[in-house]
Amino acid sequence: MRVEVGAGLESFRAAARGLLARGIPPGQVHFTEAQGRQGSLLAPEAVPASAPGTGLTVPPGFLELAERAACHRSPERWSLLYRVLWRLTHGERKLLEVESDPDVYPVLMLSKAVQRDAHKMKAFVRFRRVERDGEEHFIAWHRPEHLIVRYVAPFFARRFPAMRWSILTPEASVSWDLERLTFGPGVPRSEAPEADVLEAMWGTYYASVFNPARLNVRAMRAEMPKKHWATLPEARLIPELVRQAPGRTERMVRPHIEVSAASPFLPAERDLASLAQAAQGCRACPLHERATRTVFGEGPVGARMMLVGEQPGDTEDREGKPFIGPAGQLLDEVLAGVGLKREELYVTNAVKHFGWTGDEKQRLHAKPGRREVLACKAWLDAEVAQVKPKMIVCLGATAAQSFLGPGFRINLSRGQIFETPWAKAWMATFHPSALLRMPDERARVQARVHFEEDLRKAVAIVRGLA
């Protein structure tokens, strides 16, 4: 049976009610798109209101799923939706809980594609100001992937309730007159205004908030496809902002190379052995008063990768070696898994003394403050100068902030690669002790996956630099 439906979900719902009432299974139905008409060959009036089957109910989740999937361009969407609907109404009420089901999964993919497209429309619509009959009006032109104008329009009505606006797309248009939404046919881009007096101001604002230290060109192109650049006034600024990013990043990080209280304790001879010996007498901050010893870094000069943690732990303080406690054991396990050998790396900490609270029987880790981090910075800089690593991987926020300052946020920039004065490649990731402390097993497993991914990325970067 051929069933012709219009572009909207309501047309499909009318047709589906009629098909279900007649007990027609999916295998006997072929859905086609109506050309230039709304409605269906099986309209609601064709089925009496009291007819068996017209009172069937479906889970609310299906209606939400169908609303999104109906906006997809795929001509198969109606057949896919009807197969799922048939099974929901024939004994499989919990079908949607099985996301891997061969009927459910394709519908979910359609829905997710529409959600992504809706997100991009919300992000990339740019209004231009025009005058109409003496009134201010704002017009935007956008090219969505799917048929989402009716789906997304209520968002803009809520977002801009106090201004008159129109959004034009190739297939449909929508306008808001301060009271109601009005839908119309598609409009070519040539009908939309090219620019307005506010664009220069917007460009200035965009350039001022552009953060070069967080630049990831590949991710930017994925999130902001070039096909949208023609209607984004800030797009013309992007090539120059990308070109300037390395220099701007370097200027951002250089102010954080601050004078360290440990500088007077550095020896004249700056080889690693002399530095390690001199560090035992460091009194640059109060941490030395309770620590057993200074725990200096270990590893070969010329190591291509340097790992920098926060500070020694209880085991490290007693033994005098970095990363040999529980966190170090986890680190060794992950390093081996990504193909790194500990003896080929230089491993150290931003702070060289163990800071703790409590008593000798139970010494509890105390996070070092900014004062302690700055006090030890001279030792860390001296290690970097001697090792000359191709890449520095900071384990945890404290280590990262010892280089880039207290404004660095690991939850925002974890896994990103930066070029810095200290190394050609620099990255921050989780500290292994953070994984050990996570109380939720699911979060701990997910964090470990990210940790391993970051270190694999570091391995690939180092090999490329070599």
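Two strands are said to pair if DSSP finds at least two bridges between them, and the elements named in these legends are DSSP runs numbered from the N terminus, with helices (H or I) having at least four residues and strands (E) at least two. The model shown is predicted, so that local features need pLDDT of at least 70 and side-chain atom pairs count only at pLDDT 80 or more, while totals for chains, interfaces and linings use all residues. Residues are numbered from 1 along each chain as its sequence is written, and side-chain values use heavy atoms, with hydrogens and water left out.

**View 1. Strands S4 and S5 pair side by side in the parallel sense.** Four bridges link strand S4 (residues 135–141) to S5, and across this pairing Ile 139 stands opposite Ser 166 of S5. In a regular strand the side chains alternate between the two faces of the sheet. In strand S5 (residues 165–168), Trp 165 and Ile 167 point one way whereas Ser 166 and Leu 168 point the other way, and all are buried, where buried means under 20% relative accessible area, exposed over 50%, and partly exposed in between (1.4 Å probe, protein chains only).

View 2. Strand S12 (residues 391–395) is joined to S13 by five bridges, and Ile 392 has Trp 426 as its bridge partner in S13.

**View 3. Helix H3 is largely enclosed by the rest of the structure, because eleven of its twelve residues are buried.** Among the buried residues are Trp 78, Leu 81, Tyr 82 and Trp 86. What covers the buried residues of H3 includes strand S1 (2–5), helix H1 (9–21), strand S2 (30–33), helix H2 (60–69) and helix H4 (104–124). The end C-alpha atoms of H3 (residues 77–88) are 17 Å apart, which agrees with the 16 Å that its twelve residues should span at 1.5 Å a residue; the expected span is 1.5 Å times one less than the number of residues.

**View 4. Cysteines Cys 285 and Cys 394 are both buried.** A search of the whole structure finds zero disulfides, a disulfide being a pair of cysteine sulfur atoms within 2.5 Å. For Cys 285, the nearest cysteine sulfur is that of Cys 376, 5.6 Å away, and its relative accessibility is 6%. The sulfur of Cys 394 is too far for a bond, because the closest cysteine sulfur, in Cys 376, is 14 Å away; Cys 394 has a relative accessibility of 0%.

**View 5. Leu 178 has a positive phi, near 85°, although this residue is not a glycine.** Leu 178 lies in the loop between strand S6 (172–176) and strand S7 (181–185). With a relative accessible area of 32%, Leu 178 is partly exposed.

**View 6. Phe 323, also not a glycine, has a positive phi of about 55°.** The loop that holds Phe 323 runs between helix H10 (314–319) and helix H11 (326–337). Phe 323 is buried, with a relative accessible area of 4%.

Definitions and conventions: Contact means heavy atoms within 4.5 Å.
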